Amino acid sequence: MGRKEIDYKFILVREDVLPEAMKKTLEVKELLERGKAESVADAAQSVDLSRSAFYKYRDTVFPFHSIVKERMITLFFHLEDRSGTLFELLGVIANHSCNVLTIHQTIPIQGRANVTITLEVTDITIDLDELLSKLRRLDFIDKVEILGSGA
């Protein structure tokens with residue numbers, strides 16, 4: 001008798017509400033992926049997680065960047081309207097090999113504008129989370145949100 005194919009529903013959940021075992025499973029997976037641990041046992045021990053807990057969650061918890069299948073993402077920015085801000089924002093995006101597919105900017109009101117950018121991130125050179133952190137650190141950015149991913 002063959003294994004029945006199950007159509008799982010995926011839910012995006014903020015990391016801070018995950019149980020510790022799931023957070024540590026993500027840490028173990030990252031250590032293994034980056035070659036910072038030689039085995040599951042070594043990686044699990046370094047984050048104080050049992051191997052059985054790792055094996056329980058390893059196929060059920062994934063970092064956001066690894067599940068973006070179509071490799072497109074739409075970002076919303078609320079930013080200061082001054083000369084060069086969009087140029088600098090796009091420079092950070094280009095420096096990490098993201099391809100800009102669309103840009104929409106509202107008319108600035110009270111020195112602030114909303115910008116929505118859709119990126120194709122197939123060749124991105126850093127984790128998506130790292131890119132978002134870099135963008136959030138730009139002094140003219142008030143807010144960065146992920147609006148969606150996929151086609």
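**Fold and salt bridges**

I begin with contacts, meaning heavy atoms within 4.5 Å. Among contacts in the protein chain between residues at least 6 apart in sequence, 68% join residues at least 24 apart.

Some conventions come next. This is a predicted model, in which local features need pLDDT of at least 70 and side-chain atom pairs count only at pLDDT 80 or more, while totals for chains, interfaces and linings use all residues. Residues are numbered from 1 along each chain as its sequence is written, and side-chain values use heavy atoms, with hydrogens and water left out.

Let me turn to the secondary structure. The protein chain has five helices and four strands, and along the sequence they follow the pattern α-α-α-β-α-β-β-α-β. These elements are DSSP runs numbered from the N terminus, with helices (H or I) of at least four residues and strands (E) of at least two.

How much of the protein chain is buried? Of its 151 residues, 32% are buried. Buried means under 20% relative accessible area, exposed means over 50%, and partly exposed lies in between, with a 1.4 Å probe and protein chains only. The protein chain exposes about 10300 Å², and carbon and sulfur atoms supply 50% of that area. Such areas come from the Shrake-Rupley method with a 1.4 Å probe, and for residues only the protein chains shown count as cover.

The four strands form an open sheet in the order 2-3-1-4, with antiparallel pairing. Strand 2 (99-105) and strand 4 are the edge strands, each of which pairs on one side only. From one strand to the next, the twist averages 20°. Two strands are said to pair if DSSP finds at least two bridges between them. Strand 2 and strand 3 run antiparallel and are joined by six bridges; Val-100, for instance, has Leu-119 in strand 3 as its bridge partner.

Which helices lie across these strands? Helix 4 lies across strand 1, strand 2, strand 3 and strand 4, and runs at about 25° to strand 3. Helix 5 lies across strand 1 and strand 4, at about 150° to strand 4. For these angles, axes are lines fitted to C-alpha atoms, for helices over the stretch in contact, and the angles run from 0 to 180 degrees between N-to-C directions.

Finally, the salt bridges, of which the structure holds eleven. The term denotes a side-chain nitrogen of Lys or Arg within 4 Å of a carboxyl oxygen of Asp or Glu. One of them joins Glu-80 and Arg-112, at 4.0 Å from N to O. This pair links distant parts of the chain, with Glu-80 in strand 1 (residues 72-80) and Arg-112 in strand 3 (residues 112-120), 32 residues apart. Glu-80 is partly exposed at 23% relative accessible area, and Arg-112 is partly exposed at 30%.

Asp-139 forms a salt bridge with Arg-82, the closest N and O atoms being 3.2 Å apart. Asp-139 lies in the loop between helix 5 (128-136) and strand 4 (141-149), and Arg-82 in the loop between strand 1 and helix 4 (85-95), so the pair ties together parts that are 57 residues apart in sequence. Asp-139 is exposed at 59%, whereas Arg-82 is partly exposed at 36%. Glu-80, Arg-82, Arg-112, Asp-139 and Asp-142 are linked in a network of salt bridges.
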